[in-house]
Amino acid sequence: MRVAERIATPEGKRRYVRALFATIADRYDFTTIALSFGLDRRWKTRLVNLASPAAGARALDLATGTGDIAFALAARGADVVGLDITHRMLVLARAKRREKFVVGDMMALPFPPRSFDIVTTGYGLRNVPSLTIAVDEIQRVLRPGGQLVSLDFNRPSNAVVRAAFLAYLTLVGAALGWILHRDPDTYRYIPASILQYSDAAAVARLLEARGFVRATYHPILGGLMTIHHAFRS
Ligand SMILES: C[S@@+](CC[C@H](N)C(=O)[O-])C[C@H]1O[C@@H](n2cnc3c(N)ncnc32)[C@H](O)[C@@H]1O
């Protein structure tokens, strides 16, 4: 069955995503650098600059993976918790530095309401089976006035750009999948999930529809990637 069919339902996507990230965790840092030509670090710095945490700010980094954004927030003086559904990702994160990491699902956050000043996520929102449920959870754990900053791929609105971008990700992803996992399908999830995801403007509209205010998005690489920034009302 094709990846797009396997992630077509919320339950199918949940199962697929869980298995995928457990499989690729040990190669995650390498693949991220390879697919982004090393630019990913710069984008994450931009996200953290937008969040601009005050010293001691309570920050939650969702889908933290191997912890890049959590570490960058901590380096700026924030008090950070990183959360991820994949235990192996957090083992790798903890091996780099001792921050607070918890295993959890961003659609059912294990924190009381209004616990955080900042919620960040890198390539997190695109992976959840229900974006609305995840956004509502983020809203719940943020204090009024708290901010959400999210970096992710965007689905370009121009058909030619979109086709070229998805072809690049499919070809390079298939090559990396074969080399690293002997399975060319491994990274086909990326283009499939981009096609399934809303474009940047629609994500901003959804944030505002669910109670965020001043939702903006900042295009990166001519709009191939996006950083969303919004505030809890
Ligand atoms: C592409 S990685 C991003 C890692 C890191 N944020 C970064 O920017 O490098 C996506 C992460 O989302 C996690 N993830 C997927 N679904 C999740 C969910 N429902 N709740 C929490 N984490 C989830 C995966 O385990 C994986 O570590």
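An oxygen atom of the ligand sits 2.5 Å from an N or O atom in the side chain of T86, and the protein covers 96% of the 600 Å² of accessible area that the ligand has on its own. These values are computed from a predicted model, in which the chain has 233 residues and a radius of gyration of 17 Å, in agreement with the value near 17 Å that a compact globule would have. The secondary structure comes to 10 helices and seven strands.

**Ligand surroundings**

- Of the 19 residues around the ligand, those that come nearest are Y28, K44, A63, D84 and T86.
- The elements that give two or more residues to the shell around the ligand are helix α2, residues 10-24, and strand β2, residues 79-84.
- Sorted by class, the shell around the ligand consists of 10 nonpolar, six polar and three charged residues.

**The chain as a whole**

- Taken along the principal axes, the C-alpha atoms of the chain fill a box of roughly 45 × 40 × 35 Å, and 52% of the 233 residues count as buried.
- Among the contacts in the chain with a separation of 6 or more, 67% are accounted for by residues 24 or more positions apart.
- The chain has an accessible surface of about 10,500 Å², and 58% of that surface belongs to carbon and sulfur atoms.

**F71 and helix α5**

- F71 has its place in helix α5, which spans residues 68-75, and F71 counts as buried because its relative accessible area of 11% is under the 20% cut-off.
- When neighbours within four places in sequence are left aside, the residues in contact with F71 are T66, A93, K96, R97, E99 and F101.
- The C-alpha atoms of F71 and V81 are 9.8 Å apart in space, while the two residues are 10 apart in sequence.

**The loop between β3 and β4**

- S115 lies in the loop between β3, residues 100-103, and β4, residues 116-122, and R114 is found in the loop between β3 and β4 as well.
- S115 is buried, with a relative accessible area of 16%, whereas R114 counts as exposed at 51% relative accessibility.
- Not counting residues up to four places away in sequence, S115 touches R58 and V141.
- R114 is a residue other than glycine, yet its phi has a positive value, near 60°.

**Helix α7 and its cover**

- Helix α7 runs over residues 131-141, and its buried residues are L131, A134, V135, E137, I138, Q139 and V141.
- The cover over the buried residues of α7 includes the strands β1 (58-62), β4, β5 (142-153), β6 (212-220) and β7 (225-232), together with helix α10 (200-209).
- An α-helix has 3.6 residues a turn, so residues three or four places apart point the same way.

**The loop between α8 and α9**

- R182 lies in the loop between α8, residues 159-181, and α9, residues 189-196.
- Although R182 is not a glycine, its phi is positive, at about 55°.
- R182 is exposed because its relative accessible area of 54% is over the 50% cut-off.

Conventions
Residues are numbered from 1 along each chain as its sequence is written. This is a predicted model: local features need pLDDT of at least 70, side-chain atom pairs count only at pLDDT 80 or more; totals for chains, interfaces and linings use all residues. Side-chain values use heavy atoms; hydrogens and water are left out. A residue is near a molecule or strand if one of its heavy atoms lies within 4 Å of it. A polar contact is a pair of N or O atoms within 3.5 Å; within protein, one must be able to donate a hydrogen and the other to accept it, and residues adjacent in sequence count only if both atoms are side-chain atoms. Accessible areas come from the Shrake-Rupley method with a 1.4 Å probe; for residues, only the protein chains shown count as cover. Helices (H or I, at least four residues) and strands (E, at least two) are DSSP runs, numbered from the N terminus. Ala, Val, Leu, Ile, Met, Phe, Trp, Tyr, Cys and Pro count as nonpolar, Asp, Glu, Lys and Arg as charged, and the others, Gly among them, as polar. The radius of gyration is taken over C-alpha atoms; the globule rule is 2.2 Å times the number of residues to the power 0.38. Buried means under 20% relative accessible area, exposed over 50%, partly exposed in between (1.4 Å probe, protein chains only). Contact means heavy atoms within 4.5 Å.
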